[in-house]
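Please examine the sequence and the three-dimensional structure shown below. The paragraphs that follow lead from the salt bridges to the overall fold, and then to selected helices and loops.

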Amino acid sequence: MNMDTPISIGSSKIDIDLYRDLLAVDSTSGKERKLAEWLSSRLAQGSACTVRKMEVGDGTLNLQLSWGTPRVFFCTHLDTVPPYISPAFEPTPGGDTLVKGRGSCDAKGQIMAMYTACRELEREGLSGFALLLLSGEETGSHGAKAYAKSQPGGDWVIVGEPTDGKMVAASKGTKAYDITITGKSCHSGYPEQGINAIELFLDFANQLRATPFPVDPVMGATTYNMGRLESDNPQNVLSDKVHLRLYFRTTQASDAMVEATLAGMASEHIHIEALGGDTPMSYSTLEGFDTTTVAFGSDAPRLYNFKHRALCGPGSILVAHQPGEQVLLSEVARAASHYVAMYKQIAASSCD
């Protein structure tokens with residue numbers, strides 16, 4: 001389905017009042033239970049769906065709205081990254097509406113598109129689908145892990161994230177490491193009396209930069225970022241410790257190599273603790289939809305209790321998590337139309 005295809009569920013069918021109210025609830029990570037409780041009654045109004053609230057175990061809730069016995073699950077997350085940014089709806093010169101505010105695309109825009117699709121399918125007399133809203137995606141996919149562990153899952157899950165409306169064919173994996181580099185402090189005028197942890201860190205960083213990780217033909221280059229970098233030594237004392245977090249975005253071509261490389265960089269002075277992560281993933285796609293690859297994480301790898309996992313949603317990852325997070329209302333409406341079409345294609349295939 002080309003992205004220029006006319007939208008069968010127009011922006012007038014998106015419940016703007018619901019969207020505005022949804023964005024007005026501060027559901028930054030740790031606060032999403034309030035949103036789940038509110039949605040459990042608000043989304044069920046005027047619908048024949050059944051509602052289940054599921055405790056995650058950390059004070060948050062997962063929420064599932066089902067129409068019949070679900071075969072297809074539309075799934076996204078309730079929490080958003082901080083800080084909370086209040087919503088704004090601004091008309092555009094072309095007659096569209098620009099939706100701004102925290103969660104406008106990641107992931108309350110996903111909720112709106114998926115909920116709109118579910119109500120359209122219900123209006124058409126169809127069943128066999130669910131809207132699954134999970135907590136804690138931004139802080140470790142706690143809701144997804146709890147759901148996969150306690151629930152049977154199903155045939156298809158379509159996870160909503162900002163993918164510019166395209167179905168994701170593959171996503172990069174992640175690997176996180178906690179690294180402590182230890183030296184021996186001494187007076188900086190006599191550096192031969194100590195071991196400078198900062199110099200050891202620079203050697204470590206240069207060795208990493210010189211490592212030729214392979215370029216994946218589908219997902220491209222392997223990237224990494226260093227964060228929480230600290231060495232709290234005075235300027236006239238050699239550093240005795242450097243601490244940092246190292247976070248990789250890996251590909252099918254590099255995932256195992258990253259793990260082996262970091263293991264080989266450990267030494268008497270360099271302690272490396274592997275913190276885990278996700279392996280690179282391939283996802284199910286459907287005929288007729290544009291596809292892409294992404295370098296961000298989602299709940300999808302954790303939902304291993306589904307036979308088919310897809311990743312698709314409105315908005316751009318390039319504005320998600322940013323102060324200027326935004327999405328066009330037409331993008332949300334187009335996504336709703338695509339979700340309806342996805343469900344119908346899946347349902348038709350089960351009848352072949």
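How many salt bridges does a search of the whole structure find? The search finds 15 salt bridges, where a salt bridge is a side-chain nitrogen of Lys or Arg within 4 Å of a carboxyl oxygen of Asp or Glu. Side chains of opposite charge can pair when their charged atoms come close. The model is a predicted one, in which local features need pLDDT of at least 70 and side-chain atom pairs count only at pLDDT 80 or more, whereas totals for chains, interfaces and linings use all residues. Residues are numbered from 1 along each chain as its sequence is written, and side-chain values use heavy atoms, with hydrogens and water left out.

One of these salt bridges joins R71 and D155, whose closest N and O atoms are 2.5 Å apart. This pair links distant parts of the chain, with R71 in the loop between β2 (61-67) and β3 (72-77) and D155 in strand β7 (residues 154-159), 84 residues apart. Helices (H or I, at least four residues) and strands (E, at least two) are DSSP runs, numbered from the N terminus. R71 counts as partly exposed because its relative accessibility is 26%, and D155 counts as buried because its value is 17%; buried means under 20% relative accessible area, exposed over 50%, and partly exposed in between (1.4 Å probe, protein chains only).

A second pair is formed by E325 and R102, with the closest N and O atoms 2.8 Å apart. E325 lies in the loop between β15 (306-311) and β16 (326-328), and R102 in the loop between β5 (97-100) and α3 (108-123), so that the pair links distant parts of the chain, 223 residues apart. Relative accessibility is 1% for E325, which therefore counts as buried; R102, at 2%, counts as buried as well.

The side chains of D255 and K175 also meet in a salt bridge, at 3.2 Å from N to O. Elsewhere, salt bridges that share partners join R33, E37, K53 and E55 into one network.

Turning to the whole protein, the model has 7 helices and 16 strands. Its C-alpha atoms fill a box of roughly 80 × 45 × 45 Å, taken along the principal axes. Of the 352 residues, 50% count as buried. Among contacts (heavy atoms within 4.5 Å) between residues at least 6 apart in sequence, 79% join residues at least 24 apart.

In α2, E32, L35, A36, L39 and S40 are buried. Seen down the axis of α2, these buried residues fall within an arc of 135°, so they line one face of the helix; the arc is that of the directions from the helix axis to the C-beta atoms. They pack against α1 (16-24), β1 (50-55), β2, α3 and β6 (129-134). Not counting residues up to four places away in sequence, R42 touches D17, L18 and D21. The C-alpha atoms of R42 and L22, 20 residues apart along the chain, are separated by 9.9 Å.

T251, in the loop between β11 (241-250) and α6, counts as buried because its relative accessibility is 0%. Its contacts, not counting residues up to four places away in sequence, are K172, D216, M219, G220, A221, T222 and P280.

Two peptide bonds are cis: the bond from P82 to P83 has omega near 0°, and the bond joining D106 and A107 has omega of about 10°. P83 is placed in the loop between β3 and β4 (88-91), and A107 in the loop between β5 and α3.

Positive phi values occur at S141 and D164, neither of which is a glycine. S141, with phi of about 55°, lies in the loop between β6 and α4 (142-150) and counts as buried because its relative accessibility is 5%. D164, with phi of about 60°, lies in the loop between β7 and β8 (167-171) and is partly exposed because its relative accessible area is 45%.
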